[in-house]
Each structure stands twice: as C-alpha cells, then as structure tokens.
Amino acid sequence: MERWKGRVALVTGASAGIGAAVARALVQSGMRVVGCGRSVDKIEKLAAQCQSAGYSGTLIPYKCHLSNEEEILSMFSAIKTLHRGVDVCINNAGLAHNEPLLSGHTEGWRNMIDVNVLALCICTREACKSMKERNVDDGHIININSMSGHRVCASSDLHFYSATKYAVTALTEGLRQELREAGTHIRATCISPGVVETEFAFRQHNSDPEKAASVYESIKCLKADDIASAVTYVLGAPPHVQIGDVQMRPVEQVS
C-alpha cells in the first residue's frame with residue numbers, strides 16, 4: 001500500500017458498514033479518501049475518529065444521493081477542483097428491497113437498479129475519465145459485489161437484488177476488457193462477500209427487526225473489516241497483477 005500514500009480514493013456508501021470500514025482502512029494507509037453518502041454526519045464522525053487515531057491519511061465527507069446523476073457529476077467536479085481527481089474508485093453503495101419478481105413494486109426495482117447498477121457505472125465512467133485526463137495509468141476500480149452476483153438464492157425477496165449483482169459481475173469483466181482495449185494499466189476488480197454483519201439486513205427488513213437480527217445470529221458472519229482487508233489486499237497487489245474477483249463467505253454459510 002506504500003505506493004498509494006497521498007493518492008485520492010472515492011468510497012461510495014461510506015457512512016456505515018463496509019463503506020466505513022474501507023474508508024477507515026484507506027485513510028490508515030495514508031490515502032486521501034472522499035467518503036460519500038446520504039448521512040454525511042456519520043462520515044464526519046468517522047473522519048474525526050481517523051484524525052484522533054493519528055492516521056496518516058485524511059477522510060473528506062461528501063453528501064451525495066447516488067440515485068441522482070447530477071449529484072454524482074457535481075461530486076466528481078468538486079473532487080477535480082479540490083483534489084485534482086480520483087485514482088481509486090470503490091463502488092460500495094448498494095441496497096436491497098424485498099420486492100419479488102411476481103409481486104414486487106416497480107419503484108423498489110428501479111431504486112435497486114439506480115443505486116446498485118447505474119450509480120456504479122456513472123462513478124466508474126467519471127473515475128476513468130478523471131484518470132485519463134491526468135495520465136494516471138495505475139488507477140483501480142473496485143466494485144463491492146456479492147455472492148448473490150454468482151448464484152441465485154431460493155428466496156423470492158432477493159431475486160431482483162441478485163439480478164443487479166449479476167449485472168455487477170458482468171460490468172466488472174466488461175470494464176476489464178474495455179480498459180485492455182484502451183491500452184491502459186488501470187485495473188478492475190470485484191469483491192463478492194457472503195453474509196456480512198452490517199446494517200444491510202436491518203435496512204432490507206426495516207419493518208421486521210427480529211428477522212433482520214436472525215440473519216446475523218444464525219452463523220458467525222463476516223465483519224466489515226474483513227471486506228476492508230480484501231480491498232487493501234487487492235490494491236496492494238503488484239501493478240502487473242489483475243485480481244478479477246474475490247469471493248468470500250463465512251465458513252458456516254451454506255450457499
């Protein structure tokens with residue numbers, strides 16, 4: 001991670017869970033991290049914690065609704081003005097609604113597409129533009145995917161969500177191919193965790209907190225820091241090494 005000291009990373013969905021853990025790990029490694037999210041006050045608290053801990057990097061909070069393209073473009077414009085551009089883009093933000101294919105609401109489906117797929121693509125496009133403008137040839141796009149992007153669970157609540165994550169799997173490989181065609185050495189990776197103990201299930205099952213809690217009580221889950229460790233591992237690989245996908249589950253997880 002030495003070569004990333006002082007470089008700029010964007011982490012989406014940095015207010016809690018995996019995003020917060022990744023932002024903290026990158027700041028600890030000496031990076032300047034723009035952490036975006038809807039709850040900017042949480043990111044401000046995390047920034048203060050990083051500063052108090054004496055980490056060599058800095059965390060810059062930025063409020064952004066990723067379902068709004070204009071807000072994303074405004075964020076990239078601000079990053080260009082204040083920090084020259086993005087060297088590493090961690091597309092972490094994602095959500096799930098319990099909207100089955102036969103009875104789901106279009107609004108819920110659209111929200112998952114907007115955040116899990118379109119926002120990821122917009123951030124990736126703008127990050128790669130930023131790298132090209134500055135002749136950055138060693139940048140990295142890391143998509144936080146899911147095991148749901150590699151297999152379909154027998155749970156109707158997750159079928160549409162799984163479709164968005166299959167999209168992330170395809171988009172990451174498509175991006176890798178386009179970056180090769182463009183003759184760059186920018187890398188593209190996705191990290192696909194199984195069950196991680198975060199706020200995710202509580203947001204998914206917001207009307208049934210007991211059901212959400214049971215998701216994390218049934219097995220010894222991954223922690224957000226486990227995913228952050230995978231991110232630093234991928235970033236720290238030698239520049240000639242392309243890690244395509246890191247699939248990781250709790251040992252006790254069945255599927």
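This is a predicted model: local features need pLDDT of at least 70, side-chain atom pairs count only at pLDDT 80 or more; totals for chains, interfaces and linings use all residues.
Residues are numbered from 1 along each chain as its sequence is written, and side-chain values use heavy atoms, with hydrogens and water left out.

## The sheet and the helices on it

An open sheet of 7 strands has the order β3-β2-β1-β4-β5-β6-β7, with parallel pairing. Its edge strands are β3 (58-63) and β7 (245-248), each of which pairs on one side only. Neighbouring strands of this sheet are turned by 15 degrees against each other on average, direction ignored; the axes behind such angles are lines fitted to C-alpha atoms, for helices over the stretch in contact, and the angles run from 0 to 180 degrees between N-to-C directions.

Strand β2 (residues 32-37) pairs with β3 in the parallel sense over 6 bridges, and Cys 36 stands opposite Tyr 62 in β3. Helix α2 (residues 40-52) packs on the sheet and touches β2 and β3, its direction making about 170 degrees with that of β3; contact here means heavy atoms within 4.5 Å. Helix α8 (residues 224-236) also packs on the sheet, touching β4 (88-91), β5 (140-144), β6 (187-193) and β7, and its direction makes about 160 degrees with that of β6. Strand β1 (residues 8-12) pairs with β2 in the parallel sense over 5 bridges, and Cys 36 in β2 is the bridge partner of Thr 12. Because 5 of the 6 residues of β2 are buried, this strand is largely enclosed by the rest of the structure.

## Ala 21 in helix α1

Ala 21 has its place in helix α1 (residues 17-28) and, at 4% relative accessibility, counts as buried. Leaving aside neighbours within four places in sequence, Ala 21 is in contact with Ala 224, Asp 225 and Ala 228. Ala 21 and Ile 227 are 206 residues apart in sequence and 8.0 Å apart in space, C-alpha to C-alpha.

## Loop residues

His 150 lies in the loop between β5 and α5 and counts as partly exposed, at 24% relative accessibility. Not counting residues up to four places away in sequence, His 150 touches Asn 145, Tyr 166, Thr 169, Ser 192, Asp 245 and Gln 247. From C-alpha to C-alpha, His 150 and Glu 44 are 35 Å apart in space and 106 residues apart in sequence.

Most residues other than glycine have a negative phi. Arg 84, which is not a glycine, has a positive phi of about 75 degrees; Arg 84 lies in the loop between α3 (69-83) and β4 and is exposed, with a relative accessible area of 59%. Phi of Asn 135 is likewise positive, near 55 degrees, and Asn 135 lies in the loop between α4 and β5, where it is exposed with a relative accessible area of 70%.

## The second largest pocket

The second largest pocket has a volume of about 490 Å³. Of the 21 residues that line this pocket, the closest to its centre are Thr 124, Cys 128, Leu 175, Glu 178 and Leu 179. On a 1 Å grid over the protein atoms alone, a pocket is an open set of points where a 1.4 Å probe fits, with protein on both sides within 12 Å along at least five of seven lines, and lining residues have an atom within 4 Å of a point. Grid points are joined across faces, edges and corners, and a volume is the space filled by probe spheres set on the points.

Helices α4 (106-133) and α5 (159-181) each supply at least two residues of the lining, and α4 gives the most, with 8 residues. The lining divides into 10 nonpolar, 6 polar and 5 charged residues, where Ala, Val, Leu, Ile, Met, Phe, Trp, Tyr, Cys and Pro count as nonpolar, Asp, Glu, Lys and Arg as charged, and the others, Gly among them, as polar.

Terms used. Helices (H or I, at least four residues) and strands (E, at least two) are DSSP runs, numbered from the N terminus. Two strands pair if DSSP finds at least two bridges between them. Buried means under 20% relative accessible area, exposed over 50%, partly exposed in between (1.4 Å probe, protein chains only).
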